[in-house]
Amino acid sequence: MSIDPRPLIDALDDPALVIDARGAIRCKNEPLERLLAGPGAPMLPLSPDGDHVLLPPAPAAVDLARIQALLSGEIDRAEIDLPGEGSGAPRWALRGLSCAIGGGRGALLRFIDLAERRAREHQRHCAQVIESMRLGCAFLALEDPADDRSLRYVYMNPAAGRLSSKPTEAMVGRTLDEIAPSLRGMGIPQRLAELIRSGHAVENEAVLPPEEGLRVITSSAFPLGDQRVAVIYDDVTQRRATEASLEDARVLLDAIIENLPLMLFVKDEAELRYVRVNRKFEEFHGHAPGALIGKCAADYLPQAVAAKLDAYTRDVLAGGVPVEMPEIPMRSSRFGDRICHARWVPMEAVKGKGRYFLGLIEDVTERKKIEEAKRHEAVLLETQRRLLELIKELSTPSIPIHPGILVVPLIGQMDGSRGAQLMESLAGAIERHHAQFVIIDITGVTSVDSTVANHLLQATRVARLLGAECSVVGASPGIARTVIGLGIEFGKLTAHRDLEAGFRHALARKGYVITQRADQKA
């Protein structure tokens, strides 16, 4: 195309010039004049008088061949990086456009400031980040440096609108006092104005008043210059509530651990150092609170003992399952030799932080003593029970003196307990020995009253119910007079003078004939 170069390059903000087909500079604009006159100008292949751009075959650091191609019409446009001073990245680029000038070929060369372009791209990227981030971002301008009420919103990103629950277009252009007048009572506009005046950044966390929703807001504010301030903020209400809940849980867990009736410790897997112990564990080993944290077994135990303990700990960790030890001997610097019940537990920790070894130890020494005492007491009670059984058996013995014949000798005072025992013992003996006759010998009974007589009668009834005939022997004259005097009736109960007579009667009842031997007749 054919152009009048002067109006074109004068309209450009970038430095520019127009050359003809011979490289002669037809015109330059004012921005280029200023650029060439100042420091840091781009390196151009100009002739000594500055009126021509040197073309091939002239040597130059600029890609002159592409400029030649523009002038010849081989290409319509080109962009060439111009070397700057030193070996750093290019500061300038030369953008060329092929054109026709005065009936011949020419080119419009425009100089692009790459640093400025990079700065604009950086600003664009920053603006994109601010627009897309979840944190609220607002810019405020202090229109009157002496009046903090003149703080006015000039920009808010979308997140700021969401956090404020108000559309950004309803807030930008209005003052802070108009948007949130309650913040003045908290001193926020005053602090922001002072920040602009002092130039110092500040961080703050505040609980907004009820009219703003009782939210917890954390913010960072920093001056931007030109009486402006940037505020980046976030609503951390839920986060603070979660942190408070976690802190409450931690305090509760700490209280539980410290008040456990067990010794507790936790070691890390890497070096087997204590990361947590409770007070009971510290007291058992005679250490001050917190003295064991960060230490390992070798720091307070003999080396051989510590090495054995560490090896066992690593075996449990390698096994990956809890290990129960009902009784292990342990020595306490405060309590001496003790018996303990231990449970070792390998624990998986938070991802990326390794594993831990949990130890739960209960001092069961006193319990073992009590259990041992109870076992001893149980043995004594069992021995006593057997002795009582033996005494009972001896107090009402049932003696078989002939097949089918039992003798039950009674000795001493008869009472209700012995009477009941007599019936129980007699019933068992009759069944056990298949007795047909029972001889109750009261020779050793010191006295007889209605109670004793009643026991004897009941015993005979039991014997009859079991198919045995019962008789009483050995009554003394005194007992006989007492029985008559009390009017006691023995009914069908057979009585004999002594055991021999009772035995003879039983044998006769069984069909035996008793004769005197020849050697006894004389």
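Aspartate 234 is buried, with a relative accessible area of 7%; buried means under 20%, exposed over 50% and partly exposed in between, with a 1.4 Å probe and protein chains only. The side chain of aspartate 234 meets that of arginine 134 in a salt bridge (2.8 Å, N to O). Arginine 134, in contrast, is exposed at 55%. This is a predicted model, where local features need pLDDT of at least 70, side-chain atom pairs count only at pLDDT 80 or more, and totals for chains, interfaces and linings use all residues. Residues are numbered from 1 along each chain as its sequence is written, and side-chain values use heavy atoms, leaving out hydrogens and water.

**Salt bridges**

- A search of the whole structure finds 42 salt bridges, each being a side-chain nitrogen of Lys or Arg within 4 Å of a carboxyl oxygen of Asp or Glu.
- Arginine 134 sits in the loop between α4 (114-132) and β6, and aspartate 234 in strand β10, so their pairing ties together parts 100 residues apart in sequence. Helices (H or I, at least four residues) and strands (E, at least two) are DSSP runs, numbered from the N terminus.
- Glutamate 269 and arginine 355 also meet through their side chains in a salt bridge (3.3 Å, N to O).
- That pair links distant parts of the chain, with glutamate 269 in the loop between β11 and β12 (274-277) and arginine 355 in strand β15, 86 residues apart.
- Glutamate 269 is partly exposed at 27%, while arginine 355 counts as buried at 17%.
- Glu247, Arg250, Asp254, Glu258 and Arg276 are linked in a network of salt bridges.

**Around aspartate 268**

- Aspartate 268 belongs to strand β11 (residues 263-268).
- Aspartate 268 is buried but has no salt bridge, and the nearest side chain of opposite charge, arginine 273, is 6.0 Å away. For charge, Lys and Arg count as positive and Asp and Glu as negative, while His and the chain ends are not counted.
- A polar atom of the aspartate 268 side chain lies 2.8 Å from the backbone nitrogen of leucine 272, and this side chain also reaches the backbone nitrogen of arginine 273 at 3.0 Å.
- Arginine 273 has a salt bridge with glutamate 271 (2.7 Å, N to O).

**Pockets**

- The largest pocket has a volume of about 740 Å³. On a 1 Å grid over the protein atoms alone, a pocket is an open set of points with protein on both sides within 12 Å along at least five of seven lines, a cavity is a set where a 1.4 Å probe fits but cannot get out, and lining residues have an atom within 4 Å of a point. Points are joined across faces, edges and corners, and a volume is the space filled by probe spheres set on them.
- Its lining has 23 residues, with Leu301, Val305, Leu309, Pro329 and Met330 nearest the centre.
- Strand β13 gives the largest share of that lining, 6 residues.
- The second largest pocket holds about 600 Å³ and is lined by 32 residues, of which Leu183, Ile188, Ile217, Val231 and Tyr233 lie nearest its centre.
- Helix α8 gives the most to the lining of the second largest pocket, with 6 residues.

**Cavities**

- The structure holds 2 cavities of 30 Å³ or more.
- Phe437, Val438, Glu469, Cys470, Ser471, His505 and Ala506 line the second largest cavity.
- Strand β19 supplies the largest share of that lining, 3 residues.

Key
A polar contact is a pair of N or O atoms within 3.5 Å; within protein, one must be able to donate a hydrogen and the other to accept it, and residues adjacent in sequence count only if both atoms are side-chain atoms.
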